[in-house]
Amino acid sequence: MGRRRNGPPRGGRPTKSKPCVFCKENVAYVDYKDYNLLRRFVSDRGKVRARRVTGLCPQHQREAASAIKRAREMALLPYVVGR
Amino acid sequence: MTGEADTRPEEANIDTYEAMLIVIPELDEEQVENTVGRFRTIIERTGGEAGEPNHWGRRKLAYEIDHRTDGFYVVMEFTAGERTLVELKRILRVSDDVLRHMVVKLPPSYAHKPLPEPAEVTA
(Lines give C-alpha, C1' and ligand atoms only; values in the text may rest on other atoms or scores of the structure.)
Protein backbone atom coordinates (compact mmCIF):
# COMPACT_ATOMS: atom_id res chain seq x y z
CA MET A 1 0.00 0.00 0.00
CA GLY A 2 1.43 3.34 -1.00
CA ARG A 3 1.46 5.99 1.69
CA ARG A 4 0.63 8.85 -0.60
CA ARG A 5 -2.10 11.36 0.08
CA ASN A 6 -5.27 10.56 -1.75
CA GLY A 7 -6.65 14.02 -2.33
CA PRO A 8 -5.16 16.30 -4.93
CA PRO A 9 -2.35 18.40 -3.47
CA ARG A 10 -2.66 22.16 -3.39
CA GLY A 11 -0.05 22.76 -6.06
CA GLY A 12 1.78 20.61 -8.56
CA ARG A 13 0.58 17.51 -10.24
CA PRO A 14 -1.91 15.14 -8.65
CA THR A 15 -0.33 12.18 -6.85
CA LYS A 16 -0.69 8.65 -8.09
CA SER A 17 -0.02 5.85 -5.67
CA LYS A 18 2.30 3.28 -7.20
CA PRO A 19 3.10 0.00 -5.49
CA CYS A 20 6.67 -0.65 -4.41
CA VAL A 21 8.56 -2.70 -7.04
CA PHE A 22 9.75 -5.25 -4.49
CA CYS A 23 6.25 -5.71 -3.04
CA LYS A 24 4.88 -6.15 -6.53
CA GLU A 25 7.29 -9.02 -7.18
CA ASN A 26 6.99 -10.48 -3.70
CA VAL A 27 10.66 -10.08 -2.91
CA ALA A 28 11.49 -11.37 0.56
CA TYR A 29 15.21 -10.57 0.52
CA VAL A 30 16.92 -7.74 -1.31
CA ASP A 31 20.19 -9.29 -2.45
CA TYR A 32 23.33 -7.18 -2.29
CA LYS A 33 24.87 -9.28 -5.08
CA ASP A 34 22.30 -8.03 -7.57
CA TYR A 35 24.12 -4.76 -8.07
CA ASN A 36 22.50 -4.07 -11.42
CA LEU A 37 19.11 -3.96 -9.77
CA LEU A 38 20.43 -1.82 -6.90
CA ARG A 39 21.83 0.63 -9.40
CA ARG A 40 18.27 1.78 -10.01
CA PHE A 41 18.13 3.06 -6.44
CA VAL A 42 21.28 5.17 -6.43
CA SER A 43 21.79 8.51 -8.08
CA ASP A 44 24.41 9.00 -10.78
CA ARG A 45 26.63 10.33 -8.00
CA GLY A 46 26.29 7.00 -6.22
CA LYS A 47 24.06 8.24 -3.42
CA VAL A 48 21.05 6.30 -2.16
CA ARG A 49 17.91 7.76 -3.68
CA ALA A 50 15.14 9.05 -1.44
CA ARG A 51 11.98 7.07 -0.96
CA ARG A 52 9.93 9.68 -2.78
CA VAL A 53 12.12 9.05 -5.82
CA THR A 54 12.42 5.26 -5.61
CA GLY A 55 8.77 4.74 -4.72
CA LEU A 56 9.65 1.90 -2.35
CA CYS A 57 7.68 1.04 0.75
CA PRO A 58 9.40 1.80 4.09
CA GLN A 59 10.46 -1.79 4.66
CA HIS A 60 11.93 -2.34 1.23
CA GLN A 61 13.58 1.08 1.17
CA ARG A 62 15.45 0.11 4.34
CA GLU A 63 16.40 -3.27 2.92
CA ALA A 64 17.50 -1.77 -0.36
CA ALA A 65 19.60 0.80 1.48
CA SER A 66 21.42 -1.87 3.51
CA ALA A 67 21.90 -3.97 0.38
CA ILE A 68 23.48 -0.96 -1.34
CA LYS A 69 25.79 -0.50 1.63
CA ARG A 70 26.85 -4.13 1.52
CA ALA A 71 27.43 -3.91 -2.22
CA ARG A 72 29.59 -0.84 -1.66
CA GLU A 73 31.69 -2.69 0.87
CA MET A 74 32.42 -5.40 -1.67
CA ALA A 75 33.24 -2.85 -4.40
CA LEU A 76 30.21 -3.85 -6.47
CA LEU A 77 28.87 -0.30 -6.24
CA PRO A 78 30.90 2.87 -5.79
CA TYR A 79 30.81 5.04 -2.68
CA VAL A 80 31.26 8.15 -4.79
CA VAL A 81 31.19 8.64 -8.52
CA GLY A 82 33.58 11.16 -9.98
CA ARG A 83 35.82 12.98 -7.58
CA MET B 1 6.25 -26.67 11.67
CA THR B 2 8.63 -26.79 8.76
CA GLY B 3 8.73 -24.12 6.15
CA GLU B 4 7.74 -25.12 2.67
CA ALA B 5 11.09 -23.92 1.32
CA ASP B 6 13.12 -26.24 3.56
CA THR B 7 14.68 -29.14 1.79
CA ARG B 8 15.95 -30.81 4.95
CA PRO B 9 13.26 -30.45 7.61
CA GLU B 10 15.32 -32.06 10.37
CA GLU B 11 17.99 -29.43 9.88
CA ALA B 12 15.60 -26.53 9.49
CA ASN B 13 17.12 -24.69 12.45
CA ILE B 14 20.61 -24.67 10.94
CA ASP B 15 21.50 -21.33 9.43
CA THR B 16 22.92 -21.01 5.98
CA TYR B 17 25.64 -18.44 5.43
CA GLU B 18 27.14 -17.00 2.35
CA ALA B 19 30.69 -15.81 1.95
CA MET B 20 31.90 -13.51 -0.77
CA LEU B 21 35.62 -13.12 -1.31
CA ILE B 22 37.61 -10.82 -3.52
CA VAL B 23 40.87 -12.57 -4.34
CA ILE B 24 43.85 -10.56 -5.58
CA PRO B 25 44.18 -10.38 -9.38
CA GLU B 26 47.83 -11.44 -9.40
CA LEU B 27 46.88 -15.10 -9.07
CA ASP B 28 45.70 -17.31 -11.92
CA GLU B 29 42.47 -19.30 -12.00
CA GLU B 30 44.07 -22.37 -10.54
CA GLN B 31 45.59 -20.53 -7.59
CA VAL B 32 42.21 -18.92 -6.91
CA GLU B 33 40.67 -22.40 -6.77
CA ASN B 34 43.35 -23.48 -4.31
CA THR B 35 42.72 -20.45 -2.12
CA VAL B 36 39.00 -21.14 -2.08
CA GLY B 37 39.69 -24.81 -1.43
CA ARG B 38 41.63 -23.82 1.65
CA PHE B 39 38.60 -22.04 3.07
CA ARG B 40 36.36 -24.96 2.22
CA THR B 41 38.59 -27.28 4.25
CA ILE B 42 38.43 -24.85 7.15
CA ILE B 43 34.64 -24.91 7.03
CA GLU B 44 34.53 -28.68 6.82
CA ARG B 45 37.18 -29.21 9.50
CA THR B 46 35.20 -27.09 11.96
CA GLY B 47 31.99 -29.02 11.41
CA GLY B 48 30.30 -27.00 8.69
CA GLU B 49 29.24 -27.98 5.22
CA ALA B 50 30.61 -26.05 2.27
CA GLY B 51 28.66 -25.71 -0.95
CA GLU B 52 30.07 -25.46 -4.44
CA PRO B 53 31.88 -22.14 -4.87
CA ASN B 54 30.50 -19.89 -7.53
CA HIS B 55 33.28 -18.20 -9.46
CA TRP B 56 32.24 -14.88 -10.93
CA GLY B 57 35.64 -14.54 -12.51
CA ARG B 58 37.76 -11.47 -12.79
CA ARG B 59 35.79 -8.26 -12.36
CA LYS B 60 36.56 -4.59 -12.22
CA LEU B 61 36.22 -3.14 -8.73
CA ALA B 62 33.95 -0.14 -8.28
CA TYR B 63 36.85 1.63 -6.59
CA GLU B 64 40.52 0.97 -5.99
CA ILE B 65 41.44 -1.30 -3.08
CA ASP B 66 45.14 -1.46 -2.16
CA HIS B 67 46.06 0.01 -5.56
CA ARG B 68 44.26 -2.79 -7.35
CA THR B 69 41.52 -2.10 -9.85
CA ASP B 70 40.18 -5.63 -10.28
CA GLY B 71 39.84 -8.91 -8.48
CA PHE B 72 38.43 -12.42 -8.62
CA TYR B 73 34.98 -12.68 -7.06
CA VAL B 74 33.95 -15.94 -5.44
CA VAL B 75 30.63 -16.59 -3.72
CA MET B 76 30.06 -19.67 -1.59
CA GLU B 77 27.22 -20.91 0.55
CA PHE B 78 27.85 -22.96 3.66
CA THR B 79 26.46 -24.09 6.95
CA ALA B 80 28.50 -23.42 10.04
CA GLY B 81 29.64 -25.59 12.88
CA GLU B 82 30.30 -24.21 16.30
CA ARG B 83 33.73 -22.77 15.60
CA THR B 84 33.40 -22.22 11.87
CA LEU B 85 32.55 -18.53 11.80
CA VAL B 86 35.21 -17.39 14.24
CA GLU B 87 37.87 -19.48 12.60
CA LEU B 88 36.89 -18.64 9.03
CA LYS B 89 36.75 -14.91 9.67
CA ARG B 90 40.08 -14.98 11.49
CA ILE B 91 41.83 -16.77 8.64
CA LEU B 92 40.15 -14.56 6.02
CA ARG B 93 41.39 -11.46 7.81
CA VAL B 94 45.00 -12.59 7.83
CA SER B 95 45.04 -14.04 4.29
CA ASP B 96 47.14 -11.87 2.04
CA ASP B 97 45.51 -13.17 -1.12
CA VAL B 98 42.02 -12.07 -0.09
CA LEU B 99 41.38 -8.37 -0.67
CA ARG B 100 37.97 -8.23 0.94
CA HIS B 101 35.50 -10.70 2.32
CA MET B 102 31.97 -10.64 3.63
CA VAL B 103 30.00 -13.32 5.42
CA VAL B 104 26.23 -12.87 5.60
CA LYS B 105 23.52 -15.03 7.07
CA LEU B 106 20.92 -15.96 4.48
CA PRO B 107 17.24 -15.76 5.42
CA PRO B 108 15.79 -19.29 5.67
CA SER B 109 13.28 -18.64 2.91
CA TYR B 110 15.90 -17.43 0.48
CA ALA B 111 15.88 -19.51 -2.68
CA HIS B 112 19.01 -19.83 -4.77
CA LYS B 113 18.70 -17.20 -7.40
CA PRO B 114 20.74 -17.09 -10.59
CA LEU B 115 23.68 -14.80 -10.01
CA PRO B 116 24.41 -11.81 -12.18
CA GLU B 117 26.54 -12.85 -15.10
CA PRO B 118 30.17 -11.86 -14.73
CA ALA B 119 30.23 -8.59 -16.62
CA GLU B 120 33.08 -6.17 -17.19
CA VAL B 121 35.78 -8.78 -17.58
CA THR B 122 39.22 -7.37 -18.14
CA ALA B 123 42.22 -9.04 -19.74
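Visitor: Which residue follows helix 4 of chain A?
Guide: Helix 4 of chain A is followed by A:Ala75, with a positive phi near 60°. Keep in mind that this is a predicted model, where local features need pLDDT of at least 70, side-chain atom pairs count only at pLDDT 80 or more, and totals for chains, interfaces and linings use all residues. Residues are numbered from 1 along each chain as its sequence is written, while chains are lettered from A and ligands numbered from 1 in the order in which they are written.

Visitor: Is A:Ala75 buried or exposed?
Guide: A:Ala75 has 24 other C-beta atoms within 10 Å, so it is buried. The cut-offs: 20 or more other C-beta atoms within 10 Å of a residue's own means buried, 12 or fewer means exposed, and in between is partly exposed, with C-beta atoms placed from the backbone.

Visitor: Where else is there a positive phi in a residue that is not a glycine?
Guide: Look at B:Asp66, with a phi of about 50°. B:Asp66 sits in the loop between strand 3 (54-65) and strand 4 (68-79) of chain B. It has 8 C-beta neighbours inside 10 Å, so B:Asp66 counts as exposed.

Visitor: Back to chain A. How many helices and strands are there?
Guide: Chain A has four helices and zero strands. Both are DSSP runs numbered from the N terminus: helices are H or I with at least four residues, strands are E with at least two.

Visitor: And how much of chain A is buried?
Guide: Of the 83 residues in chain A, 27% are buried.

Visitor: Which residues are buried in helix 4 of chain A?
Guide: They are A:His60, A:Ala64, A:Ala67, A:Ile68, A:Arg70, A:Ala71 and A:Arg72. These buried residues pack against helix 1 (21-24) and helix 2 of chain A, together with strand 5 (98-105) of chain B.

Visitor: What should helix 4 of chain A span?
Guide: With 16 residues at 1.5 Å a residue, helix 4 of chain A should span 22 Å, and its end C-alpha atoms are 23 Å apart, which agrees. The expected span is 1.5 Å times one less than the number of residues.

Visitor: Now chain B. At what angle do helix 1 and helix 2 of chain B pack?
Guide: Helix 1 (residues 29-45) and helix 2 (residues 84-94) of chain B pack at about 155°, with their axes 9 Å apart. Axes are lines fitted to C-alpha atoms, for helices over the stretch in contact, and angles run from 0 to 180 degrees between N-to-C directions.

Visitor: Which residues meet there?
Guide: From helix 1 of chain B, B:Phe39, B:Ile42 and B:Ile43 meet B:Thr84, B:Glu87, B:Leu88 and B:Ile91 in helix 2 of chain B. The residues of that contact divide into five nonpolar, one polar and one charged.

Definitions and conventions: Two residues are in contact if their C-beta atoms, placed from the backbone, lie within 7 Å. Ala, Val, Leu, Ile, Met, Phe, Trp, Tyr, Cys and Pro count as nonpolar, Asp, Glu, Lys and Arg as charged, and the others, Gly among them, as polar.
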